[in-house]
Amino acid sequence: MMALEKRKKKPNAIIAFAQSFTAASESSIDHSTNKGFVQYLITRMVKVDMSGSGAQLAYFFLLSFFPLLIFLVTLLPYLNLGQDQVFEFLDDVMPTEILSITQNVLGETLSAQNGGLLSIGVLGTIWSASRGVDALMKSLNRAYDVDGKKGFINRLWALLFTVGFVVVILLALLLPVFGQQIFNLVTTYIAVDIEISAFWTLLQWLMPPTLIFLLILFIYWIVPNTDPRLKFMSVWPGAIVSTIGWLGLTYGFSFYVNNFGNYSATYGSIGGVIILMLWLYFTGMLLIFGGIINAAILKRQQAKISKENAKEITF
């Protein structure tokens with residue numbers, strides 16, 4: 001009887017502990033404490049509607065996914081890059097089902113240099129991806145509980161960040177593939193030690209995530225329309241969390257789907273599309289979550305400054 005009562009109390013204690021991190025209202029949160037930080041983080045996730053905003057981002061990212069790939073792979077034949085090299089790189093970061101869809105859609109595109117497809121790919125990518133970036137910008141401003149910029153300036157930033165995404169993806173694709181070729185060309189003229197060779201191999205694989213981190217960092221710094229403006233160093237935590245989280249998501253999700261999740265057996269031919277949507281959905285939520293972390297950190301810093309100022313006035 002006593003053992004049964006202990007079992008009942010244990011789940012109740014866990015539920016009570018979890019509920020203690022939910023605040024009745026935002027005004028009741030003590031932002032200067034660790035508990036208040038978590039409470040505010042959860043509150044902002046609900047206010048921003050991170051799940052719904054992530055789904056919105058996934059929709060626009062999906063619309064831009066294939067136009068972007070069409071643009072990239074139509075451009076690559078001009079660089080004398082073979083089809084096998086491209087798909088070998090994509091195989092390292094994509095689940096099998098997504099790679100299969102990509103190969104079916106793009107299999108014929110790499111075999112010809114088609115200027116028309118290049119133009120369509122550019123236009124499709126810029127339109128749909130800029131809509132996704134615009135939705136991300138609105139979510140980041142909601143994270144700070146401020147109104148975003150409106151009009152031409154907002155659209156211009158969305159276009160600039162879209163072009164930045166395209167350039168980063170292109171470099172992420174080219175560096176691992178062309179890195180060794182560039183290094184071999186350099187070594188024909190300059191004698192290079194084995195240590196430098198190993199460092200170059202490491203560098204060409206570290207550069208893509210570094211570029212992704214820098215792009216996310218600038219988005220978190222420039223987009224929120226706060227007054228005063230955010231300091232550059234204040235947005236590093238969210239950018240680090242988003243970058244590491246996205247890398248873990250990409251490789252972890254690929255490993256899980258390839259080894260444990262048989263979506264094709266459950267959903268048939270649309271299994272790959274569902275996996276792609278899930279990957280884009282979690283990517284969108286991670287980008288928003290990084291911004292919410294920065295907003296929560298800023299709120300905590302402001303609360304601590306206010307508390308210190310109140311103590312000085314008291315004394």
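This is a predicted model: local features need pLDDT of at least 70, side-chain atom pairs count only at pLDDT 80 or more; totals for chains, interfaces and linings use all residues.
Is Phe232 buried, partly exposed or exposed? At 28% relative accessibility, Phe232 counts as partly exposed.

## The overall picture

The chain holds eleven helices and zero strands. Of the 315 residues in the chain, buried ones make up 41%. Now consider the contacts between residues at least 6 apart in sequence: 78% of these join residues at least 24 apart.

Trp127 has its place in helix α6. In helix α7 you can find Leu156, which is partly exposed, with a relative accessible area of 36%. From C-alpha to C-alpha, Leu156 and Asp134 are 9.9 Å apart, and they are 22 residues apart in sequence.

## Aromatic rings that pair up

A pair of aromatic rings is described by the distance of the centres and the angle of the planes. How many aromatic pairs does the count come to? The answer is eight aromatic pairs. In one of them, the ring centres of Phe213 and Trp236 are 5.4 Å apart and the planes stand at 65°, so this pair is edge-to-face. Phe213 belongs to helix α8 (residues 194-222) and Trp236 to helix α9 (residues 236-259), so the pair ties together parts that are 23 residues apart in sequence. The two partners can also be described by their accessibility: Phe213 is buried, at 14% relative accessible area, whereas Trp236 is partly exposed, at 29%.

Phe218 and Phe232 form another pair, this one tilted, with 5.8 Å from centre to centre and 50° between the planes. Phe218 lies in helix α8 and Phe232 in the loop between α8 and α9, so to speak of distant parts of the chain here is to speak of residues 14 apart. Phe218 counts as partly exposed at 34% relative accessibility, and Phe232 is partly exposed at 28%.

Here are the two pairs side by side.

| Pair | Centre to centre | Angle between planes | Kind |
|---|---|---|---|
| Phe213 and Trp236 | 5.4 Å | 65° | edge-to-face |
| Phe218 and Phe232 | 5.8 Å | 50° | tilted |

Which residues do ring pairs link into a cluster? They are Phe213, Phe218, Trp221, Phe232 and Trp236.

## The nonpolar core

The largest nonpolar core has 51 residues, and among these Ile219 and Tyr220 touch the most other members. Several helices each supply at least two residues of this core, including α2 (34-48), α3 (50-75), α6 (115-143), α7 (152-187) and α8. Helix α11 gives the most, with 13 residues. If you leave aside the neighbours of Ile219 within four places in sequence, Ile219 is in contact with Leu136, Leu140, Phe161, Phe165 and Pro224.

## Pockets and cavities

Next come the spaces. The second largest pocket holds about 400 Å³. Of the 18 residues that line this pocket, Thr226, Pro228, Leu230, Leu298 and Gln302 are the closest to its centre. Which helix gives the most to this lining? Helix α11 (residues 271-314) does, with five residues. By class, the lining of the second largest pocket divides into eight nonpolar, four polar and six charged residues.

The model also has two cavities of 30 Å³ or more. The largest cavity contains about 40 Å³ of space. Its lining consists of Met137, Asn141, Lys149, Asn154, Trp157, Ile222 and Val223. Helices α6 and α7 each supply at least two of the residues lining the largest cavity. Sorted by class, that lining has four nonpolar, two polar and one charged residues.

Terms used. Residues are numbered from 1 along each chain as its sequence is written. Side-chain values use heavy atoms; hydrogens and water are left out. Rings of Phe, Tyr and Trp (its six-membered ring) pair if their centres lie within 6.5 Å; planes under 30 degrees apart count as stacked, over 60 as edge-to-face and the rest as tilted. Helices (H or I, at least four residues) and strands (E, at least two) are DSSP runs, numbered from the N terminus. Buried means under 20% relative accessible area, exposed over 50%, partly exposed in between (1.4 Å probe, protein chains only). On a 1 Å grid over the protein atoms alone, a cavity is a set of points where a 1.4 Å probe fits but cannot get out, and a pocket is an open set with protein on both sides within 12 Å along at least five of seven lines; lining residues have an atom within 4 Å of a point. Grid points are joined across faces, edges and corners, and a volume is the space filled by probe spheres set on the points. Ala, Val, Leu, Ile, Met, Phe, Trp, Tyr, Cys and Pro count as nonpolar, Asp, Glu, Lys and Arg as charged, and the others, Gly among them, as polar. A nonpolar core is a set of buried Ala, Val, Leu, Ile, Met, Phe, Trp, Tyr and Cys residues joined through side-chain atoms within 4.5 Å. Contact means heavy atoms within 4.5 Å.
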